[in-house]
Amino acid sequence: MRFLGVRDGHDCNITYSDGTKVKYIKLERNLQKKHFHWENQATGDTIPLIMKEAQDILGVDFLDLDAICYSYGNVEHKFDRLIEPDELYFKANQSGHPFWSQFGCPIYKIDHHYAHVLSCWPLINLDKVNTHFVLDGLGDHGRTSGVFRNDKLIDFTDRTDNLGLSVTMEQVGQRAGIKGMVLDVSGKLMALKSYHDVPDNARDFIMSKVQSFHYRHLEQFISLCMGYLNQMGRDERQTLINLSYMLHVFAEHKLPEYFQRYADTHEPITYSGGTAQNTVVNTYIRRKFPNLHIPPHCPDDGISLGCVELLRMIYDQPHFDNAGFPYWQSDVAPASTASAATIEKAAEYLARGKIVAWYQGNGELGPRALGNRSILMDPSIKDGKDIINSKVKKREPYRPFGASVLIEHTAKHFDCDFDSPYMLYVVDCLNNNFPSIMHVDGTCRIQTVDQGPQYETYYNLIDSFHRKTGIPLVLNTSLNVDGKPIASYPEDAKTLFENSELDMVVVGDEVMTK
């Protein structure tokens, strides 16, 4: 059957399936507009524009569908009615709507948080998971979190309880002077918080005062915390950095406790929503829940995947095929794949301290570069972070870079005994050998790379670099510059090469060097 899932609002995306295969588009990448359609989501109904763009990219007639499921990001974007508080989805009446009435198939509206839950299907058979957690900025009915068990909403946090960790971090970051799009501020503050100067004894004293608090008490914690932080006599910016550190300490303690109220620590659980991008807190949750599953598309990037999964369930269709995941972005893949000779040449450039742009296959789902749309460098270069920042990335100097490591060598260099294929965890570095990927607090956000078919080319590149240098990992950052989406066309990579100090760009088997 032919299904279409649609997410409107910021980071809009569409998923199409005509059977067990799915095709995914995040229009930010294809149109090279960050967080598209963020700037227009409150000014009118953008669905016709989104549908047309996606239809043209996929070459599919969307009037020839069996069912559509959508999730709108704004109450202005609705037809028929809004979803009721106790509903997970409903079948809409599109007959009187000027756009939706042209479709002869049924159209369903899904609860935002339930779409997050269902978007986890590429990672694990959801029939085998009982409990799901969603934490984000804002879902339907002002909810900032939801707990689902056996397809029922069993608990939620309302925005009147607290704004949620993500939005709170956005507000603190903006007050601290962090620049850029508001949706990126909390991620930047996650890096900046490591520059706090809160003594350990002050941290422990504050936390001793909130032992009875739980995650819903986020606002109360901020009020109590600021009373102590203001006594430290720091300027406003440093006080806010200190607050962001304490917010993380609070979340590191209280979110695992929140999860334990609803799930056994050894059962498989899913965790999604924008807050699940917080790699620092994720690591603490995983320590309590080793069978934790977080998708790389955990923010709203994954909503359309949840939409088509709902349709699959409604119509009792076979499970979708997850082959090739997470490299599902419907962008322009190069006509060739890097040959052994090209891999050796790129590895040699890396071994010589050069900066290499690596563009292979289709792009990754989610906001992290995972080896198909990456900029790479030797992680052992002492000033590597500053070099790559000044020559290419132009990012804030306090933001660290991640690393991709051959999975069999992970435990030798990082305090990590689990797989991290989607760069969603921060772990301690075990030595100081790789300064360009080690944050000021001694940690690194890592991607473990195995020899699965979707990772083969990237694995071979790192392996070649390892054979030349004895280093089984590379600095890995996204193939873009600050404020721009990740490259979606070979021309994007080549343009960045021409307008920066990149030393090499590899697009498929095509190599450009300076």
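User: Where is His-141 found?
Analyst: His-141 is in the loop between E7 and strand E8 (143–149). Keep in mind that this is a predicted model.

User: And what's its phi like?
Analyst: Phi of His-141 is near 60 degrees, which is a positive value in a residue other than glycine. Most residues other than glycine have a negative phi.

User: Is His-141 buried, exposed or partly exposed?
Analyst: His-141 has a relative accessible area of 35%, so it counts as partly exposed.

User: What about Met-423, what does phi do there?
Analyst: Met-423 isn't a glycine either, and its phi is positive at about 60 degrees. Met-423 sits in the loop between helix H13 (410–413) and strand E15 (426–428). With a relative accessible area of 2%, Met-423 is buried.

User: Which residues does Ile-446 touch, leaving out those up to four places away in sequence?
Analyst: Met-423 is one of them. Ile-446 itself belongs to strand E16 (residues 443–449).

User: Buried or exposed, that Ile-446?
Analyst: Buried, because its relative accessible area is 0%. Also, the C-alpha atoms of Ile-446 and Val-426 are separated by 6.6 Å, and those two are 20 residues apart along the chain.

User: Switching to aromatics. How many aromatic pairs are there in the whole structure?
Analyst: A search of the whole structure turns up 22 aromatic pairs. Take Trp-100 and Phe-103: their ring centres are 5.5 Å apart and the planes sit at 45 degrees, so that pair is tilted.

User: Why does Trp-100 count as buried?
Analyst: Because its relative accessibility is 0%, and buried means under 20%. Phe-103 is buried as well, at a relative accessible area of 5%.

User: What sort of pair do Trp-121 and Trp-328 form?
Analyst: A tilted one, with 5.7 Å centre to centre and 35 degrees between the planes. Trp-121 lies in the loop between helix H3 (112–118) and strand E7 (131–135), while Trp-328 lies in the loop between helix H10 (303–314) and helix H11 (340–351), so the pair ties together parts that are 207 residues apart in sequence. Both Trp-121 and Trp-328 are buried.

User: What else is in that loop between H10 and H11?
Analyst: Pro-326 is there. A cis peptide bond joins Phe-325 and Pro-326, with omega about 10 degrees. Most peptide bonds are trans. Ser-330 lies in the loop between H10 and H11 too.

User: What does Ser-330 touch, leaving out residues up to four places away in sequence?
Analyst: Lys-23, Tyr-24, Ile-25, Asn-30, Ile-57 and Leu-58. Ser-330 has a relative accessible area of 16%, so it's buried.

User: Back to rings. Which residues form one aromatic cluster?
Analyst: Phe-133, Tyr-215, Tyr-258, Phe-259, Tyr-262, Tyr-271 and Phe-289.

User: OK, helices. At what angle do the axes of H8 and H9 cross?
Analyst: Helix H8 (residues 236–260) and helix H9 (residues 279–288) cross at roughly 35 degrees, and their axes come within 9 Å. H8 passes H9 in a right-handed crossing.

User: Which residues meet there?
Analyst: From H8 you've got His-248, Ala-251, Glu-252, Leu-255, Pro-256, Phe-259 and Gln-260. On the H9 side they meet Val-280, Val-281, Tyr-284, Ile-285 and Lys-288. By class, that contact of H8 with H9 has 8 nonpolar, 2 polar and 2 charged residues. Phe-259 is also part of the aromatic cluster.

User: Which residue lies over the face of Tyr-284?
Analyst: Arg-287, at 4.5 Å from the ring centre. Likewise, Arg-352 lies over the face of Tyr-349, at 4.8 Å from the ring centre.

User: Last one: how do H6 and H7 cross, right-handed or left-handed?
Analyst: Right-handed. The axes of helix H6 (residues 200–208) and helix H7 (residues 218–229) come within 10 Å and cross at roughly 145 degrees. Phe-205, Ile-206 and Met-207 in H6 meet Phe-221, Leu-224, Cys-225, Tyr-228 and Leu-229 in H7. The residues of that contact come out as 8 nonpolar, no polar and no charged.

Definitions and conventions:
Residues are numbered from 1 along each chain as its sequence is written. This is a predicted model: local features need pLDDT of at least 70, side-chain atom pairs count only at pLDDT 80 or more; totals for chains, interfaces and linings use all residues. Side-chain values use heavy atoms; hydrogens and water are left out. Axes are lines fitted to C-alpha atoms, for helices over the stretch in contact, and angles run from 0 to 180 degrees between N-to-C directions. Helices (H or I, at least four residues) and strands (E, at least two) are DSSP runs, numbered from the N terminus. A crossing is left-handed if the near helix is turned anticlockwise from the far one by less than a right angle, and right-handed if clockwise. Contact means heavy atoms within 4.5 Å. Ala, Val, Leu, Ile, Met, Phe, Trp, Tyr, Cys and Pro count as nonpolar, Asp, Glu, Lys and Arg as charged, and the others, Gly among them, as polar. Rings of Phe, Tyr and Trp (its six-membered ring) pair if their centres lie within 6.5 Å; planes under 30 degrees apart count as stacked, over 60 as edge-to-face and the rest as tilted. Buried means under 20% relative accessible area, exposed over 50%, partly exposed in between (1.4 Å probe, protein chains only). A charge sits over a ring if NZ of Lys or CZ of Arg is within 6 Å of the ring centre and within 35 degrees of the ring normal.
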